[in-house]
Amino acid sequence: MLALIKKWFRGAKIDANLVSSTGDIPRHVAVIMDGNGRWAKAHGMPRVLGHRRGVSVVKKMAILADSLGVKYLTLYSFSTENWKRPKPEVDYLMSLPREFLIKELDELIEKNVKIQMIGFREGLPKDTLDAVEEAERKTANNDGLILSFAFNYGSRKEMTLAMQAMFADFQAGNLAKTEITDELYSSYLLTRSMPDPDLLIRTSGELRISNFMMWQLAYTELWFTDVYWPDFSEQHFCDAIAEYQRRVRRYGAL
Ligand code: V0D
């Protein structure tokens, strides 16, 4: 399989030799897709054009992750804090899930990708949510790559709502104090159907977690790059995986 990818990569000028076929391919890769606005500014363009460029990178990374054998790819596309941005920018961002799905859904279905949203559905524009839920429905039975969009997602809100739900179960007599374990708590989170991420990638030079999967990232390898998301390429993704493999192997030697 990796030989095939390497051949394909050579056409795309990618050095996949960095990625080891005997090494550990992360099962779950999470990405904070940062730097679209800064990319636009650096090119003298309005911020929204950075976001638009960012959309085209999403499909490329999903296809590559799938080819490499990554099972879960989770992309942070809109945080619960992003509502504070100027309204025209928020309105534009809300058009992107639909735009992405109109363009890419058929090919993703063909590739057996399962699309999911993790985030809060209340307060989203109806046409945006309709498009996302249609994609979820159409791909619900696919068993290839699980492509999750963290959209209107925030980790603290996810965790406080999990506590509320646990407390409600406790009050209803369905949960005893001693049953509360970390596994049980995980089952109340929006990510309950996924394993924790093995690798987190953050683009654009910020060295923070920014309210993204704080519970789930407890043991995750973190990989940061200064590259802005619209410039993030297959080569960068392979570099991150190769670095992950070097780190995992070091642990193995202990
Ligand atoms: C802009 C870079 C895909 C980050 C990537 C609403 C900022 C491109 C989606 C998407 C965004 C979301 C849900 C879904 C399918 C696609 C997306 C947003 C921003 C924020 F089901 N790209 N993308 N959503 N950008």
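In total 17 residues surround the ligand, and the closest are Asn36, Ser77, Leu93, Phe149 and Phe151.

Before we go on, a word on the model: it is predicted, so local features need pLDDT of at least 70 and side-chain atom pairs count only at pLDDT 80 or more, while totals for chains, interfaces and linings use all residues. Residues are numbered from 1 along each chain as its sequence is written, and side-chain values use heavy atoms, leaving out hydrogens and water.

Now look at strand E2, residues 72-79. Strands are DSSP runs of at least two residues, numbered from the N terminus. In E2, 7 of the 8 residues are buried, meaning under 20% relative accessible area (1.4 Å probe, protein chains only). Strand E1 (residues 28-32) runs parallel to E2 and is joined to it by 5 bridges; two strands pair if DSSP finds at least two bridges between them. Ala30, for example, has Thr74 as its bridge partner in E2. E2 also pairs in the parallel sense with strand E4 (residues 146-153), over 7 bridges, and here Leu75 is partnered by Phe149.

What is the relative accessibility of Leu73, a residue of strand E2? Leu73 is at 0%, so it counts as buried. Leaving aside neighbours within four places in sequence, Leu73 is in contact (heavy atoms within 4.5 Å) with residues including Val29, Val31, Leu147 and Phe237.

Leu73 is also part of the largest nonpolar core, which has 48 residues. Such a core is a set of buried Ala, Val, Leu, Ile, Met, Phe, Trp, Tyr and Cys residues joined through side-chain atoms within 4.5 Å. Leu73, Ile115, Leu147, Ile201 and Phe237 touch the most other members. A second, separate core of 13 residues includes Ile32, Tyr76, Tyr153 and Leu217. In soluble globular proteins, nonpolar side chains tend to be buried together.

Finally, find Thr220 in the loop between strands E5 (199-202) and E6 (221-224). Its side chain reaches the backbone oxygen of Pro197 at 2.7 Å.

Notes: Buried means under 20% relative accessible area, exposed over 50%, partly exposed in between (1.4 Å probe, protein chains only). Helices (H or I, at least four residues) and strands (E, at least two) are DSSP runs, numbered from the N terminus. A residue is near a molecule or strand if one of its heavy atoms lies within 4 Å of it. A polar contact is a pair of N or O atoms within 3.5 Å; within protein, one must be able to donate a hydrogen and the other to accept it, and residues adjacent in sequence count only if both atoms are side-chain atoms.
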